[in-house]
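This report describes selected local features of the model shown below.

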Amino acid sequence: TWGGGTNRAIRDLAKGLAAEGISSLIMEPSQDAVIFSTMDGQIPVSISLTNGLTLLVEALEKIGVFHIHIHQIIGYPALIKDLPALLGVKYDVSIHDYFFICPRVQLINDYGIFCGQPDVEVCESCCSAKPLEQDIAPIFKKLGGTVADWREFHGKLLKAARKVIAPSNDVCNRIQRYRTLDNLQLLAHPEPGKLGILRPSYGERMSIAVIGAIGPHKGSELLLRCAKYAKAKELPISFFIIGYTNMDDRFRELDNVVITGKYESVDLPKLIDACGCTIALFLSIWPETYSYTLSEALDLGLVPVAFDLGAFPERVEAVGRGLCIPFVPKAESIVETLLSLKDRDCDSTSATGR
């Protein structure tokens, strides 16, 4: 129910299965129930969990469900882990974030930055320093109220799966730090993965695209500092937020920032054309597991600039286009790096500074 790349991955997989003649049901949590929907837009069906999983199991048996693919269990009661066994089917798990090892989901500490995956004692302190998300706090308490209990519970869920699917090597390495999984498999999300023709630069002023819903974990505060620094120094650089942020009003105070607002995927190419952008900036302060937005930027011929964190370095290196800079969230160094790319060819693996 949190949206984002997880939903896209689910729908892409469902489309792929449909092409093979296999039907899919998408299950989402809803208070004391689950809601089922289909890819073709049929009216959703709700099944109560008030009395446990009995009604749910009966319904799934009747329609012949033979496999379960877990993408996320945020919002579900802990007993949902028993569903495959009660139904008598195997299951796979796809990793889209770090919920299974971190109750804060994205490995962002109580200071609002990537934690570096410290010892569990530090994790315990972090998760007690401020409230967890409302969808997570109840289950955290029910599982024992400690990060150690959390990892033990979810570790068993991962270990019992037929496959645990990770979209990047970075994800595999981070998960394996906590539990050795013989069923862990590297498999990128199913998408075309096209590499568009590089876009020509326009004039003396650089136009930087920042694509998507830019919240705190996507570096909205850092982006604001970059824009303020560029304005204060009167640097020839503009930021085009193709989407929106969690603080649009603050960005709109700056004349070197343009916010387009929410958009449909089909409209992204013409929005990029209108802005004249040549570079796509990614300021995520957590180790992203994949990034569909990176795929879109590459497809549209933009040069990605991102931190050397998460899936970005290996994906940028694999396509031979872009630049990954050290994870030092300082506005001055980021803006100066962007300006240094104005006349630089970033369509080669030598440009991926790691």
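Glutamate 234 counts as exposed because its relative accessibility is 72%, where exposed means over 50% relative accessible area, buried under 20% and partly exposed in between, with a 1.4 Å probe and protein chains only. This residue sits in the loop between helix 8 and strand 9 (237-245). Helices (H or I, at least four residues) and strands (E, at least two) are DSSP runs, numbered from the N terminus. The phi of glutamate 234 is near 55°, a positive value in a residue other than glycine. Most residues other than glycine have a negative phi.

The model is predicted: local features need pLDDT of at least 70 and side-chain atom pairs count only at pLDDT 80 or more, while totals for chains, interfaces and linings use all residues. Residues are numbered from 1 along each chain as its sequence is written, and side-chain values use heavy atoms, with hydrogens and water left out.

Leucine 107 also has a positive phi, of about 60°, although it is not a glycine. Its place is the loop between strand 5 (91-94) and helix 4. Is leucine 107 buried or exposed? Leucine 107 counts as buried, at 2% relative accessibility.

Three strands form an open sheet in the order 1-2-3, with antiparallel pairing; two strands pair if DSSP finds at least two bridges between them. Strand 1 (26-30) and strand 3 (45-48) are at the edges and have a single partner strand each, so one side of each is left without a neighbour in the sheet. From one strand to the next, the twist averages 25°. Axes are lines fitted to C-alpha atoms, for helices over the stretch in contact, and angles run from 0 to 180 degrees between N-to-C directions.

Four bridges join strand 2 (residues 33-37) to strand 3 in the antiparallel sense. Alanine 33 stands opposite serine 48 in strand 3. Helix 2 (residues 54-63) packs on the sheet and touches strand 1, strand 2 and strand 3, contact being heavy atoms within 4.5 Å. The direction of helix 2 makes about 135° with that of strand 3.

## Parallel pairing of strands 5, 6 and 7

Strand 5 and strand 6 run parallel and are joined by three bridges. The bridge partner of aspartate 92 in strand 6 is lysine 163. Strand 6 also pairs with strand 7 in the parallel sense, over three bridges, and isoleucine 165 stands opposite glutamine 185 in strand 7.

Helix 7 (residues 169-176) has the buried residues Asp170, Val171, Cys172, Arg174 and Ile175. The buried residues of helix 7 pack against strand 6 (163-166), strand 7 (184-186) and helix 12 (312-319).

## Helix 4 and its cysteines

Cys123, Cys126 and Cys127 are buried in helix 4 (residues 120-129). They cover an arc of only 90° around the axis, which puts them on the same side of helix 4; the arc is that of the directions from the helix axis to the C-beta atoms. Glu121 and Ser128, on the other side of helix 4, are exposed. The buried residues of helix 4 pack against helix 5 (137-142) and helix 6 (147-159).

A disulfide is a pair of cysteine sulfur atoms within 2.5 Å, and by this rule the count comes to zero. For cysteine 123, the nearest cysteine sulfur is that of cysteine 115, 6.0 Å away. For cysteine 126, the nearest is that of cysteine 127, 5.0 Å away. Cysteine 123 counts as buried at 12% relative accessibility, and cysteine 126 is buried with a relative accessible area of 12%.

## Nonpolar cores

A nonpolar core is a set of buried Ala, Val, Leu, Ile, Met, Phe, Trp, Tyr and Cys residues joined through side-chain atoms within 4.5 Å. The largest has 86 residues, and those with the most contacts inside it are Leu56, Phe239, Leu281, Ile334 and Leu338. Helix 8 (residues 220-232) gives the largest share of this core, seven residues.

Which residues does leucine 281 touch, not counting residues up to four places away in sequence? Leucine 281 touches Ile208, Ala209, Val210, Leu223, Phe239, Val305, Ile334 and Leu338. Another core, of 19 residues, lies apart from the largest one and includes Ile211, Phe240, Cys277 and Phe282.
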